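I opened the model to look at how its chains meet. My notes follow the structure.

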There are 2 protein chains.
Amino acid sequence: MSKPYVVGIDIGGTNTVFGIVDARGVVIASSSIKTRKHSNINDYIDELHTELTKLIEANDAVDKIHGIGIGAPNANYYTGTIENHVNLPWPPPIPLAQLVSEKFGVPVSITNDANAAAIGEMTYGVARGLKDFIMITLGTGVGSGIVINGQLVYGHDGFAGELGHVIVKPNNGRLCGCGRSGCLEAYCSATGVARTAVEFLEARSTEPSLLRNMALEDITSKDVYDAAIAGDKLAKDVFDYTGKILGEALANFTVFSAPEAFVLFGGLAKSGDLLLKPLREAMEKNMIAIWKGKVKVLFSELKEADAAVLGASALGWEAKQPVTPSAIPVSPVASAPKA
Amino acid sequence: MSKPYVVGIDIGGTNTVFGIVDARGVVIASSSIKTRKHSNINDYIDELHTELTKLIEANDAVDKIHGIGIGAPNANYYTGTIENHVNLPWPPPIPLAQLVSEKFGVPVSITNDANAAAIGEMTYGVARGLKDFIMITLGTGVGSGIVINGQLVYGHDGFAGELGHVIVKPNNGRLCGCGRSGCLEAYCSATGVARTAVEFLEARSTEPSLLRNMALEDITSKDVYDAAIAGDKLAKDVFDYTGKILGEALANFTVFSAPEAFVLFGGLAKSGDLLLKPLREAMEKNMIAIWKGKVKVLFSELKEADAAVLGASALGWEAKQPVTPSAIPVSPVASAPKA
């Protein structure tokens, strides 16, 4: 009998969230540990094993886990390692897939969080049935997962799909966290929206705005959203500006892979028409004739609390048997050929 | 016995060139007809059939053609039709694959010319063994063929990979043939180079240049090349400008699919270091850290006279049996199972 569950693990800079997921995308149970508690990666894996095993036992899922999928920053699908990360307490490269697979004795696949989101959306969400789409995650940064012909694009080295770092302002662009200037992420992330608000407040110093009631450095994208919803002109202009840049970028992405749809996910995606209206307008205005009016812009249908675990878990279905000899499947019977 | 040859047909606005190609990529024989001689597509197909049959018979290749590959502007791999074209004398959509397949009784695959070039390069040229690369054709326009995980990217509708129409100048960009402004093609094609030369000559009206010996409207990219080779400062600046824009674009394309290499093809690609030096400099300067120094820029290794036919012919190896009932293979014996 094939095993009915997968485990999804989302490793963030603060929390590591994990859950048991069934084939229909229902999160049976979930829990979390602190990511930064242990300075030794083996201690972290030990705690993860202890807590996840409790969850598996409590939910009668022993010997029923098909595979484990992990979403983590800078995770490389090909090598199973985390490389070049900045937000985790362990020195890179971290052979994460191998460590987890050896500890649990089940196949493990890893990828970065935006790719995991794309796979989750394709497996359980609004992208079910789509073979060509691009997931854009609009959070603290801008991430992406590109699906072409039903397959996630990993590229030559496993790191493809960093659309947040397409340079959209070649001249005098804002400094980005990556060290370069003018990246999409510097404008269309939550932090980008806050930066735009500050720029507008400074440049239009005589214009009244609800945002003037707070210190510039305290303004968040949520504050800008609240002000815009309350009718604030300057705050609405911030969303127009953000949507226009993102829409132009999506038109440019379209000539690359001719996707059927873009799927937006993350905090900013919840701004609804405030962002979507200027985005669609700019996207269509900049779209080359053959794709005008043809590319959909969709919003993620996954519950945000579950999305990270769901996305990671979807990878668990395709996780392959680990190559390390110590990684024996928990239940060898499951590998026996069907009669 | 499997059939040892394929036929490649390159349909251009003026000439239709076709040739018989063997498995090692040798063009056994080739010939051509005028594309625009017949206003009726069936008359065109008839002449193509007559001339190609002569070539096949003269080279002892009867019953030895595995498939036919066709490269043509706006050709759609999925549907086998030519759509939205502007340079051919027949009303779209043209069911080209079906017409040719019915006439010759062999499987036919079609795609646009830049995609054909990419497949040719992967099958016979410098991209042999590469699973992830992007072909950039620098001719009258800028075309591209994107290969990811060994497969050409066609996208949702068959038209993916139009990187010549990425907008690289969002503000005050040049008008492009596609009707929009600021496309890569408006700068980095042969015509783009000539336009840049004219702009520079007008803006720097007191600066001497060899290009001032000719009328502005007569300047071609070849003239700019010759002047640059002769040491002309303004002409060299034109190549610096062109290479910089192309290099910035290649850095942006890298974040999409993380290719192992870009392969440059076409007239401008022959400018050598004049173009390559500023290109590489701008590409590395704009490259995000993880890919700095890692992405190759290669030049096509196919002879230019053969390249179009070779590229198209490579598609012939993967051409599938036509679905139309009238298309019976010329030699049914060849389809019989071995042994």
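**Ground rules.** I am working from a predicted model: local features need pLDDT of at least 70, side-chain atom pairs count only at pLDDT 80 or more, and totals for chains, interfaces and linings use all residues. Residues are numbered from 1 along each chain as its sequence is written, chains are lettered from A and ligands numbered from 1 in the order written, and side-chain values use heavy atoms, without hydrogens and water.

**Interface.** I looked up the contact (heavy atoms within 4.5 Å). It takes 38 residues from chain B and 38 residues from chain A. I then read the buried area, the accessible area (1.4 Å probe) lost on putting two parts together, summed over both. It is about 3,200 Å², and carbon and sulfur atoms give 62% of that. On the chain B side, His156(B), Val255(B) and Phe256(B) lose the most area to chain A, together 23% of what that side buries.

**Elements.** I used DSSP runs, numbered from the N terminus: helices (H or I, at least four residues) and strands (E, at least two). Strand E7 (142–148) and helix H7 (233–257) of chain B each give two or more residues to the side touching chain A. H7(B) gives the most, with six residues.

**Helix H9(A).** I found a kink of about 25° in H9 (residues 304–316) of chain A, centred on Leu310(A). The bend is the angle between axes fitted to the seven residues ending at a residue and the seven starting there. Leu310(A) is also among the buried residues of H9(A), buried being under 20% relative accessible area (1.4 Å probe, protein chains only).

Note on methods. Buried < 20%, exposed > 50% of the residue type's maximum accessible area, 1.4 Å probe, protein only.
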